[in-house]
Amino acid sequence: MKAKRIELREIHLPLVHFFETSFGRTTERRIVLVRVEADGLAGWGEVTAGETPFYSYETPETAWHILRDFLVPWTLGREWARACEVAPRFRAIRGHNMAKAALENALWDIEAQQRGLSLGKLVGGAIDEIPCGVSIGIQNSVEELLEKIECEVAAGYQRIKVKIKPGWDVEALAHIRAKFPRIALMADANSAYTLDDLERLKSFDRFHLMMIEQPLGWDDLVDHARLQREMLTPICLDESIHGAEDARKAIELGSSKIINVKLGRVGGFTAARQVHDVCRARNVPVWCGGMLESGIGRAHNIALSSLPGFTLPGDVSASRRYWAEDIIDPEVVVSPRGTIRVPQTPGLGFAPNIERIERATVRMETFE
Ligand code: OSB
Ligand code: MG
């Protein structure tokens, strides 16, 4: 495929409900979309960076810069036999995985259309329905949190994840367990603790969580290994894993018994499949994380979640949990069993709604 036109655009989409983590509250997403035209087809990708450099150093602004000044010129006008060929070329840039993923994933979309395969099948997906969980942010009160959980459990979601931080942890988890003793429950700290909190973290074992996600430093592997030796609850790493080598080291050190795979954080489908393969070879379960994506990023997450190693419910949930109106048709819906059907039609399986995308666009740049 020969990329003959690449479009970057930034859209603004208000969330239906604020999303709060240990590093702050988001009410509106700023999302950079990448649209690539090649061989008469169009493919879409999404930059999953947050608005602030708190989850990772990437932001929509850094991604725009890296795409405009490096990744787009390296990709345009060249003949690529397969989407996975850009990953080794992009490796010269250190980091900036979310910028890389947006462009690489748009090429996967085109390759899938070209081969007449669904994106899920092209990346190696094996199932046609994926299990789903939800990620529930920090709320204004425990009562509101319990209400939200009740609503998501009733909707059928197979696993509930709650965000925690010091001061919003033991009490909240105790209330959840008192009201919902048997639900599959996990907690995500987004690096809000250190080993000084060892006793507090160990006390979480009594809540029988499926796992605790990224309790310690965002770039740490060593302290997590120490913590895992001291606690029964499995640790799942998110922020610390930027590719297959990180996954291998985390598993070897005993830092992570489960791994959260995010397309943006690892740099696209090529790297995500490598993480998957490393984990699968070592019997380490993986699941697909979320970054409050629009329908385009969500469609990519659905395809990734259909790989055989994704045995745990991911943070891939219905469009309506995030948006009054998603930017794809149809929107993503979740069945009463807490599953999403993996599209079987060629490409993404969801059509970007150009009119809604246009309406949400605040800037655009085209490269030919
Ligand atoms: O840590 O998994 C995380 C959202 C933004 C940044 C980091 C995280 C999250 C989520 C939301 O947990 C998952 C979703 O998209 O619903
Ligand atoms: Mg996380």
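**The magnesium site and the aromatic contacts**

Reader: What coordinates the magnesium ion (ligand 2)?

Author: In this predicted model, the magnesium ion (ligand 2) is coordinated by Asp-188 (OD), Glu-213 (OE) and Asp-238 (OD), at 2.1 to 2.3 Å.

Reader: And what spacing do the donors follow along the chain?

Author: The donors of the magnesium ion (ligand 2) show the pattern D-x24-E-x24-D.

Reader: Where do Asp-188 and Glu-213 lie?

Author: Asp-188 belongs to strand S7 (residues 185-188) and Glu-213 to strand S8 (residues 212-213), so this pair ties together parts that are 25 residues apart in sequence.

Reader: Is Asp-188 buried or exposed, and what about Glu-213?

Author: Asp-188 is buried, at a relative accessible area of 0%. Glu-213 is buried too, with a value of 0%.

Reader: Changing topic: how many aromatic pairs does the structure hold?

Author: There are four aromatic pairs in the structure. One of them joins Phe-70 and Trp-74 in an edge-to-face arrangement, with 6.3 Å centre to centre and 75 degrees between the planes.

Reader: How are Phe-70 and Trp-74 placed in helix H1?

Author: About one helical turn separates Phe-70 and Trp-74, because they are four residues apart in helix H1 (residues 60-75).

Reader: Which of the two is buried?

Author: Trp-74 is buried, its relative accessible area being 18%. Phe-70 counts as partly exposed, at 33% relative accessibility.

Reader: What sits over the ring of Trp-74?

Author: The charged end of Arg-89 does, 4.2 Å from the ring centre.

Reader: And over the ring of Tyr-322?

Author: There the charged end of Arg-321 sits over the ring, 5.5 Å from its centre.

Notes
Residues numbered from 1 in each chain as written. Chains lettered and ligands numbered in written order. Predicted model: local features only at pLDDT ≥ 70, side-chain atom pairs only at ≥ 80, totals over all residues. Heavy atoms only, no water. Phe/Tyr/Trp six-rings, centres within 6.5 Å; stacked < 30°, edge-to-face > 60°. Helix = DSSP H or I, 4+ residues; strand = E, 2+ residues; numbered from the N terminus. Buried < 20%, exposed > 50% of the residue type's maximum accessible area, 1.4 Å probe, protein only. Lys NZ or Arg CZ within 6 Å of the ring centre and 35° of its normal. Donors = N, O, S within 2.8 Å, 3.2 Å for Na, K, Ca; no water.
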